Amino acid sequence: MKRLIIIGGGLAGSEAAYQAAERGIDIILYEMRPEKQTAAHTTGDLAELVCSNSLGSNDSISAPGLLKEELRQLGSLIIKAADETRVPAGSALAVDRGLFAKDITERIAGHPRIKLIREEFKNIPEEGPVIIATGPLTSDAIVSDIIRLTGKKNLYFYDAISPIIDADSINWDRVFKASRYGKGGDDYVNCPMTEDEYNQFYNALMNAEKVSSHDFEDARYFEGCMPIEVIAERGKDSLRYGHMKPVGLINPKTKREPYAVVQLRLENRFGTAYNIVGFQTKLKYGEQAKVFRMIPGLENAEFLRHGSLHRNTFINAPLFLKDTLQFKNRDDLFFAGQITGVEGYMESTAMGLVAGINAAKLIKGELFNPLPKESAIGSLISYITTTEPSRFQPMNINFGIMPPLENRIRNKDEKRRFIAERAIKAINTWKGEYAEVH
Ligand SMILES: Cc1cc2nc3c(=O)[nH]c(=O)nc-3n(C[C@H](O)[C@H](O)[C@H](O)COP(=O)(O)OP(=O)(O)OC[C@H]3O[C@@H](n4cnc5c(N)ncnc54)[C@H](O)[C@@H]3O)c2cc1C
């Protein structure tokens, strides 16, 4: 039987190695640390958490909590280590980062089917199967080789993420649907601002607290993904002549162009979520809620995802990946982790789990069976493989990317509980039919 090469021993690579090894596959796992460090890692441990020691909410009716529960049901190594090294953090799952990484390193290095090699891997092997799980700080050497596969314009080094709002939380009485100059139907939701409202919003934005950048994330922004607050620093009217320009948008209530407009664009085909167009930002999450709720129509906005902007290496996955995480032109090449365009520790782990299971299936000549779309993991895969490529930006798990319930339920908690129950049921059916370890 063929062995599996995995490049990168972070969260995704470690999870993939464990899943495939438990299915009887011999693994060679390459990790370049500690010989060669990234700009954010500091140890030689596998699955080192580079920033927060919190893996996010553990509440089973939150989207991050649901994702964790699905990983538990599927026997994830990473979530097991997290549960065992947990530190008190309210409803969040936070870990003792040292113990967490040591635990995973010991289990991987001590696994009889895994050979761990501490070496930078520079060229994608011609002969697979191979999983690339080199993460948001993929080393330069292998970047050149990935570009050979994707072309330069389809491998990105920064993500610029606008907040996403729950459609049910928009005050529909204050907004209007229209496209600029009436071109393109009613595709955009417009939040009109008076001069007073604009001035207050501008001042709040200028005074809001920002997240500081890491050294290697210095403020060299591309014009197209400039944070909203950096544009605002150029002058009071800079936003009114940019993302918030009102021209060609007539408010049906006043029959006039507003002083400024914030536009919302549908985020999914279900109509349950909207993103705030051009509002990528480095404002702290609490500040985003405070400042963006000053936008007329968004007073009660529920944020399904906050905005952000940081260093990240990821491919334009909808162009290149199948729903098995195989490269479209090469069945024996898989991508896993943050490089697939998911965002976050648990999301990356989930992509490692799926790639590991599917690579093992490929080697054993078994059939693939995509994850159910009702599950959090299946929804992430659906997002990264079916989003319109020109609009593709990394995504963390949130209810906005999951299919809505057939029956509309107004109570938010009840709705989320039903979605979570449906997801766990679907995951267990999938596991029973496809992903049990034999
Ligand atoms: C500065 C920073 C802060 C972040 N903070 C958070 C946060 O607080 N919360 C959150 O959820 N997410 C955060 N993220 C995102 C986080 O990094 C990912 O969610 C997660 O670590 C991705 O897992 P991964 O396995 O894809 O990559 P990683 O965990 O980074 O693992 C990739 C591994 O590949 C190795 N590698 C790279 N190139 C090669 C090569 N050529 N050969 C061999 N090995 C190689 C690296 O050394 C690394 O160990 C942050 C990212 C960055 C860059």
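Predicted model: local features only at pLDDT ≥ 70, side-chain atom pairs only at ≥ 80, totals over all residues.
Me: At what angle do helices H1 and H10 pack?

Reply: Two packed helices are described by the angle between their axes and the distance between the axes. Here H1 (residues 11–22) and H10 (residues 345–364) pack at about 30 degrees with axes 7 Å apart, where axes are lines fitted to C-alpha atoms over the stretch in contact and angles run from 0 to 180 degrees between N-to-C directions. Helices are DSSP runs (H or I, at least four residues; strands are E, at least two), numbered from the N terminus.

Me: Which residues of H8 are buried?

Reply: An α-helix has 3.6 residues a turn, so residues three or four places apart point the same way. In H8 (residues 285–292), the buried residues are Glu 287, Gln 288, Val 291 and Phe 292, buried meaning 20 or more other C-beta atoms, placed from the backbone, within 10 Å of a residue's own. They fall within an arc of 110 degrees seen down the axis of H8, so they line one face of the helix; the arc is that of the directions from the helix axis to the C-beta atoms.

Me: Which element gives the most to the shell around the ligand?

Reply: H1 does, with three residues.

Note on methods:
Residues numbered from 1 in each chain as written. Buried ≥ 20, exposed ≤ 12 C-beta atoms within 10 Å, placed from the backbone.
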